[in-house]
Amino acid sequence: MKFIIQGKKPLKGEIKVSGSKNAALKIFPVALLTREPIRVSNVPEIEDVLRAQEILIALGHEVKKIKNGVLEIRFRNQKGFDLPADLVNKFRASIMFVGPMLINLGKVSFPHPGGCVIGAGIRPIDLFLDAFKKMGAKVKIKDNHYELTAKKLKGANIFFSKISVTATESLMTTTCLVQGETILKNCAMEPEIVSLAEYLNGCGAKISGAGTPTIKIKGVKRLRGGKYKIIPDRIEAGTFAMLAAGSANVEVLIKNCDPAHLEALWQIFDKVGVNYVLSKDSIRILPSKKLLSCDITTHEYPGFATDLQSPYTVLMTQAHGSSLIHETIYDRRLLFADILTQMGANIILADPHRVVVNGPTKLYGRKLVSPDLRAGVALVMAALLAHGRTEIDNIYQIDRGYEKLDERLRGLGADIKRLA
Ligand code: EPZ
C-alpha cells in the first residue's frame, strides 16, 4: 500500500483530530482488571488499536463495535497465559498486557514487544521486569522470550531509573489490584496517564499523584467497569499544526483537540513566527510572513514531545536560518533526516541525537519508504510541501497511528491518493 502525493496545493478548511493512539492502546489491557463491561468512546480507527483488540479476542474476551469510535469490552473465560507473538511483535504497547495477566493467572509468557524501530537495537523493557521482580515476580528470559510467574504480587516502592510512559502506566494500572501500597517514583507525567488514572479511580481504584513524578496506589479487591472517553490525540493535533504552518496561503482549522496539552509547541511557534490562533478545543493556522529557524530539545512531558520531532524537522527545512534538533529520548529517531536530504533538504547529522537543519530549501518529490509511524507522517508533510510527485510506500506504518489520513488531508485540498 502506498500514497501518491502531488505537492504545493494550498491547504484550506477544517480537519478533526481523532482520539489519542497512546491513550486508546492502554484501555484494552486494563479491561483484564475488571469482570464488568467497559464502554470506550472516541476510539481512533487505527491499525495498532485493531491489534490490541485482536490480542484481547485471542485471549478469549469480547470486543463489540457499538458504532464508529465506540467499543464495548467484556471479560470472558481467559484462554491460557501466552500472549500471541504475531500481535505482540506489531506494537510496543502490547507490554501493557503483562501486568493484568500476571494478576489474573499468576503467570504470563510473551516475546519481546515490537513497534517503531527508533531506539538502538530493540527498545528495552528492563524497567518493567525490575519492577515486577520487586513486587515478587520470578522472571525467566530465553532467546528474547519472557516468562513471569508470581503466586501473589505485593506492593513495593519503585524508583524508575528512566522516565517511561508505558512503564508508569503498566505499574500504575497493575498495582490497583495488588494488596498494600505501591509508590512509583520518577514517573512520566503525560496527559494520557492522568486520563487513565481518572478513569480507574472512577472504577474504584485508589491512585493519587498521576501527572506528577510520584504516584501512590493503594491496592483494592476489585475494579468496576465503566465508560472511558479517549482524550484527543495531542501528537496528531501538533502534527497537523506544523503541516499547515509549513504551507503557503494556508487557512486551516484543527478541531476536537486540546491545545493545553501542547504548550511546549506554542512556545516554539512564537519564536518561529507561526501565525496561529488557539481556542479551548481548536487551533487555527493562517499564512505566516516568514518562518524563522529555532532549536529544539525533545523532553518528557510537558517538554517538547519526541513524537513531534519528525514533523518539526520538516518544518525547519522551510525556515530561514539554522536549527539544531536535539533528540534526547531515542537514538535512531533522526535517521529519517537522510530521506529529507534526498528530497533536497540541507541537513547535517552531527551525531545520533543531533541534526542541524539549514533553510529554507526547496523540496522535490521522490519515491520513498515510510520507516516508522512519525517519520512516515513527516514524509507526507514533506511531500505536500515538495515540488512534483512523491510516492510513499509501506504506509501501514502511518495507518498504525493516523485514522484515514489521506481522506482527511483531501478534505483540506491536498492531492493525495492511496494505492493498493
Ligand atoms: C511511549 O512509548 C509512546 N508510546 C511513544 O510514542 C513515545 O515516543 C514515548 O512514550 C515517549 O513519549 C506509547 O504510549 C504506546 P518510554 P514508551 O518507555 O512508553 C527507555 C509513537 O510514535 N526505556 O517512555 O515505550 C526507552 O528506550 C510512540 O506514538 C528503557 O530504557 O516510551 C526510551 O529511551 C513511539 N527501559 C525512554 O526510556 C524500559 O524498560 C522512554 O521510552 C522502558 C523504556
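Me: Hi! Is aspartate 143 buried or exposed?
Reply: Hello! Aspartate 143 counts as exposed, because its relative accessibility is 69% and the cut-off for exposed is over 50%. Keep in mind that this is a predicted model.

Me: Okay, and where does aspartate 143 lie?
Reply: Aspartate 143 sits in the loop between strand S7 (138–142) and strand S8 (145–149). The backbone there has a positive phi of about 50°, although aspartate 143 is not a glycine.

Me: What about asparagine 394, what's its phi near?
Reply: Phi of asparagine 394 is near 60°, a positive value in a residue other than glycine. You'll find asparagine 394 in the loop between S22 and helix H13 (396–399). With 31% relative accessibility, asparagine 394 counts as partly exposed.

Me: Since S22 came up, which strand is threonine 390 in?
Reply: Threonine 390 belongs to strand S22, which covers residues 389–393.

Me: And why does threonine 390 count as buried?
Reply: Threonine 390 counts as buried because its relative accessibility is 0%, and buried means under 20%.

Me: Nice. Which residues does threonine 390 touch?
Reply: Leaving out residues up to four places away in sequence, threonine 390 touches Phe3, Ile4, Ile5, Met343, Gly365, Arg366, Leu368 and Ala383. For arginine 366 there is a distance to look at too: a polar atom of the threonine 390 side chain lies 3.4 Å from the backbone nitrogen of arginine 366.

Me: Switching to helices. How do you describe two packed helices?
Reply: You give the angle between their axes and the distance between those axes.

Me: So what are those values for H1 and H7?
Reply: Helix H7 (residues 191–202) packs with H1 at an angle of about 35°, and the axes are 9 Å apart. H1 passes H7 in a right-handed crossing.

Me: Which residues in H1 and H7 meet?
Reply: On the H1 side they are Asn22, Ala23, Lys26, Ile27 and Val30, and they meet Glu192, Leu196, Tyr199 and Leu200 in H7. Sorted by class, the contact of H1 with H7 has six nonpolar, one polar and two charged residues.

Me: How many residues of H1 are buried?
Reply: Nine of the 10 residues of H1 (residues 21–30) are buried, so the helix is mostly covered. Among the buried residues of H1 are Lys21, Leu25, Phe28 and Pro29. At the start of H1, a side-chain oxygen of serine 20 comes to within 3.3 Å of the backbone nitrogen of asparagine 22.

Me: What caps the N-terminal end of H6?
Reply: Serine 164 does: one of its side-chain oxygens lies 3.1 Å from the backbone nitrogen of alanine 167.

Me: One more pair: at what angle do H10 and H12 cross?
Reply: Helix H10 (residues 309–316) and helix H12 (residues 373–385) cross at roughly 25°, and their axes come within 8 Å. That angle makes H10 roughly parallel to H12, because angles under 35 degrees count that way. H10 brings Ser310, Pro311, Val314 and Leu315 to the contact, while the H12 residues include Arg374, Ala378 and Met381. By class, this contact of H10 with H12 has eight nonpolar, one polar and one charged residues.

Technical notes: Residues numbered from 1 in each chain as written. Predicted model: local features only at pLDDT ≥ 70, side-chain atom pairs only at ≥ 80, totals over all residues. Heavy atoms only, no water. Helix = DSSP H or I, 4+ residues; strand = E, 2+ residues; numbered from the N terminus. Buried < 20%, exposed > 50% of the residue type's maximum accessible area, 1.4 Å probe, protein only. Polar contact = N/O pair within 3.5 Å; in protein donor to acceptor, adjacent residues only side chain to side chain. Contact = heavy atoms within 4.5 Å. Axes fitted to C-alpha atoms, helices over the stretch in contact; angles between N-to-C directions. Parallel < 35°, antiparallel > 145°, perpendicular 65-115°, else oblique. Nonpolar A, V, L, I, M, F, W, Y, C, P; charged D, E, K, R; others polar. Left-handed = near helix turned anticlockwise from the far one by under 90°.
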